[in-house]
Amino acid sequence: MAEIILNVEVRERTGTGGARETRRAGKVPGVLYGGAKDPVAISVKSNEFRKALYTGKLLGHLVTLKHGAESQQVIAKAVDMDPVTDEPTHFDLYRVDEHQAIKIAVPVHFKNHEASPGLKKGGTINIVRHEVELVCPADAIPEELVFDLTGLDIGDTIRISAVELPKGVKAAMDRDAVVATLAGSSASASADAASDDEAAAAASTTV
């Protein structure tokens, strides 16, 4: 079930002027859309919205929207932030059924860095995708996808298939896309070249 509840109000005024008026009143303007119903201009008190946002479980998660005695399940699709104050300025909510299959981007993380021979040599992770788009039930969205670096060496490729997806969850793309690669740093490449030169010189003196 949803862990976050947003108490919303319906906005009478829309457009740029209406949004500014809403912000002056200490609220964050937003739009509710999706499903068979028309989009609705809404707002949430700024302090309540910030509290929900800073939990880290608002964007891309199932949320309960409440308007008076009515409630419904929604997904927070986007939040716009002020580039100067870093305060939320607008948000989009998408209507969903609790078990409806939706397409959503989930963040990618990596574990067991110390168990990667490639990283021990000075290599680096070249992240191709910081997020992977998944198709999953609205009430079973993974928090993240964690890829294991154990045993990976320089030149190895990490693909989506390297992680076991939860039941009912699948990648939105058909191909087994690359998530990251292990690349050698310039320092490690120089060290390898020096080692090769030393080995070659030692071999020549023994001939």
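This note walks through the strands, helices and cores of the structure above.

1. **Basis.** This is a predicted model: local features need pLDDT of at least 70, side-chain atom pairs count only at pLDDT 80 or more, and totals for chains, interfaces and linings use all residues. Residues are numbered from 1 along each chain as its sequence is written, and side-chain values use heavy atoms, with hydrogens and water left out.

2. **The open sheet.** Four strands form an open sheet in the order β11-β8-β10-β13, with mixed pairing. Helices (H or I, at least four residues) and strands (E, at least two) are DSSP runs, numbered from the N terminus. Two strands pair if DSSP finds at least two bridges between them. The edge strands are β11 (145-148) and β13 (170-171), and each pairs on one side only.

3. **Strand β8 and its neighbours.** β8 covers residues 101-111 and pairs with β11 in the parallel sense, over 4 bridges. Val-108 has Leu-145 of β11 as its bridge partner. Phe-110 stands opposite Phe-147 in β11. With β10 (residues 131-137), β8 pairs in the antiparallel sense over 7 bridges. There, Ile-102 stands opposite Cys-136. As background, side chains in a regular strand alternate between the two faces of the sheet.

4. **Two hairpins.** β5 (residues 62-67) and β6 (residues 70-81) pair in the antiparallel sense over 6 bridges. Val-63 has Val-74 of β6 as its bridge partner. This hairpin has 2 residues between the strands, and Gly-68 takes a positive phi near 65 degrees. β6 also pairs with β7 (residues 88-95), again antiparallel, over 7 bridges. Here the bridge partner of Asp-80 is His-90. The hairpin of β6 and β7 has 6 residues between the strands, and Asp-86 takes a positive phi near 60 degrees.

5. **Helix α1.** α1 covers residues 15-24, and its Gly-18, Ala-19 and Thr-22 are buried. Buried means under 20% relative accessible area, exposed over 50%, and partly exposed in between (1.4 Å probe, protein chains only). The arc is that of the directions from the helix axis to the C-beta atoms. On the other side of α1, Thr-16, Arg-20 and Arg-24 are exposed. The buried residues pack against β3 and β4. Just after α1, Gly-26 takes a positive phi of about 80 degrees.

6. **Helix α2.** Which residues of α2 (residues 46-53) are buried? They are Ser-46, Phe-49, Ala-52 and Leu-53. These cover an arc of only 130 degrees around the axis, so they sit on the same side of α2. What covers them includes β1 (4-7), β3 (27-33), β4 (40-45), β6 and β7.

7. **The cores.** A nonpolar core is a set of buried Ala, Val, Leu, Ile, Met, Phe, Trp, Tyr and Cys residues joined through side-chain atoms within 4.5 Å. The largest has 27 residues, and Phe-110, Phe-147 and Ile-158 touch the most other members. β8, β10, β11 and β14 (178-183) each supply at least two residues of this core. The largest share, 5 residues, comes from β8. Apart from this core lies another, of 18 residues, among them Val-44, Leu-58, Leu-65 and Val-74.

8. **Phe-110 in detail.** Contact means heavy atoms within 4.5 Å. Not counting residues up to four places away in sequence, Phe-110 touches Ile-125, Ile-127, Val-146, Phe-147, Leu-149, Ile-158, Val-179 and Ala-180.
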